[in-house]
Amino acid sequence: MKITNAKVIVSCPDRNFVTLKINTDEGVYGIGDATVNGRELAVVAYLEEHLIPCLIGKDPQNIEDIWQYFYKGAYWRRGPITMAAISAVDVALWDIKAKMAGLPLYQLLGGKSRNGILVYGHANGSNTEEVVEQVGQYLEKGYKAIRVQCSVPGVQDSYGVSSKDKTFYEPASSDLPTECSWNSSKYVQFIPGVFAKLRDTYGYEPEFLHDVHHRLTPIQAAHLGKLLEPYRLFWLEDAVPAELQEGFRIIRKHTTIPLAVGEVFNSIFDCTTLITEQLIDYIRTTATHAGGITGIRKIAALAEPFHVKTACHGPTDISPVGMAACLHFDLAVPNFGIQEFMLHTEKINDVFPNQYQLNNGYASLNDVPGHGADIDEKQAAKYPYQRKFLPVNRLEDGTMWSW
Ligand code: EZ4
Ligand code: CO
């Protein structure tokens, strides 16, 4: 069996997606997601110029060898652009293998380890009352776990709060990046009160999560963790930028709040200290950015004996193809924790027909061969690429900070 050709499709059904389609001499094709939000065309060039020429003529069945060929063979290893490109190839090859076998992908990963895939939704608001109301709406829809973000009084831009007229909560901009303004002290003082109010209103059964989005220092994060302990959070996410894995030792020393990190990681080497020292509880690497199914399986296998569970990143900038890949992984992996899940718009689902659904707080998959997500190229062609930037962030005195 041989790969005959492969093409990259960039489409912007309200937001940009980079999709890889690999064709074979047996007529079976596979689809992979390579979207890196705000840096899309860098991955397109990487795929078109450096990977696709090497793929032609290779046997698509040798997934591990092709993964190693592009990983070790790059010489310049790792990095988000390289690994997103490898991810798309890998997911497309798993899709082909599963279609050839006539099986849903999760069957090739060991079969079902659970009946449903626990997901979390996203509630937010410009004040505590709005947040309480939105959380109530999610609970009514059957969500068991909800991420909660809230505007902080006196702080211009809090993370994860959507303005009313926007489809997505990040203010992606077609002009130059939006400049946000931030104050960590006001945030740390304010946010525990939101969770106090939520527990007062809804009790202790629902799972609540919170995303710091890399905005604190380790000692600030440790303080916030302590303040949040009484409200039994499922996790505190991305408490600090995790380039310095050792920074988590400080947080861990001071608080029992469960910690999640890794949505921007792209390889197992980004998380070895965090996992083997048991500094975190959830690893958030995802199929689109950390080397596809092959990459996140390796990370999950390292995490399993250290009691670290998986929690794939799943914002709307992961396409339905990337989401489908994650859901197959989630169904099979022994140390599954939770899956981030945001419903895509109708326009996006028209471009990417898929075979998963959400019921009562759990995602499930239809049993079709492959991962079940596809790209409708006619629909995709209706929405050409538009340059979009993620925001940047500054402290109130103008110092650059993490967004
Ligand atoms: O802001 O993927 O947990 N989810 C997140 C995401 C990130 C976006 C950036 O592209 O933090 O929504
Ligand atoms: Co996050």
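Let me begin with helix α3, residues 80-101, which has 22 residues and reaches 31 Å from its first C-alpha to its last, close to the 32 Å expected at 1.5 Å a residue, where the expected span is 1.5 Å times one less than the number of residues. This is a predicted model, in which local features need pLDDT of at least 70 and side-chain atom pairs count only at pLDDT 80 or more, while totals for chains, interfaces and linings use all residues. Residues are numbered from 1 along each chain as its sequence is written, chains are lettered from A and ligands numbered from 1 in the order in which they are written, and side-chain values use heavy atoms, with hydrogens and water left out. Helices (H or I, at least four residues) and strands (E, at least two) are DSSP runs, numbered from the N terminus.

Helix α3 is mostly covered, with 16 of its 22 residues buried; buried means under 20% relative accessible area, exposed over 50%, and partly exposed in between, with a 1.4 Å probe and protein chains only. After α3 comes Gly-102, which has a positive phi near 70 degrees.

Most residues other than glycine have a negative phi. Arg-78 is partly exposed, at a relative accessible area of 31%.

His-213, also not a glycine, has a positive phi of about 55 degrees, and this residue lies in the loop between β7 (207-211) and α7 (218-228). His-213 is buried, with a relative accessible area of 6%.

Now to the metal: which residues coordinate the cobalt ion, ligand 2? They are Asp-211 (OD), Glu-237 (OE) and Glu-263 (OE), at 2.0 to 2.3 Å, where donors are N, O and S atoms within 2.8 Å of the metal (3.2 Å for Na, K and Ca), and sites may look incomplete because water is not among the atoms. The donor residues are spaced D-x25-E-x25-E in sequence. Glu-237 sits in strand β8 (residues 235-237) and Glu-263 in the loop between β9 (259-261) and α9 (272-276), so the pair ties together parts that are 26 residues apart in sequence. Both Glu-237 and Glu-263 are buried.

Finally, Asp-317 belongs to the loop between β11 (309-310) and α11 (320-332), and is buried, with a relative accessible area of 10%. Leaving aside neighbours within four places in sequence, Asp-317 is in contact (heavy atoms within 4.5 Å) with Arg-15, Phe-17, Thr-35, Asn-37 and Glu-170.
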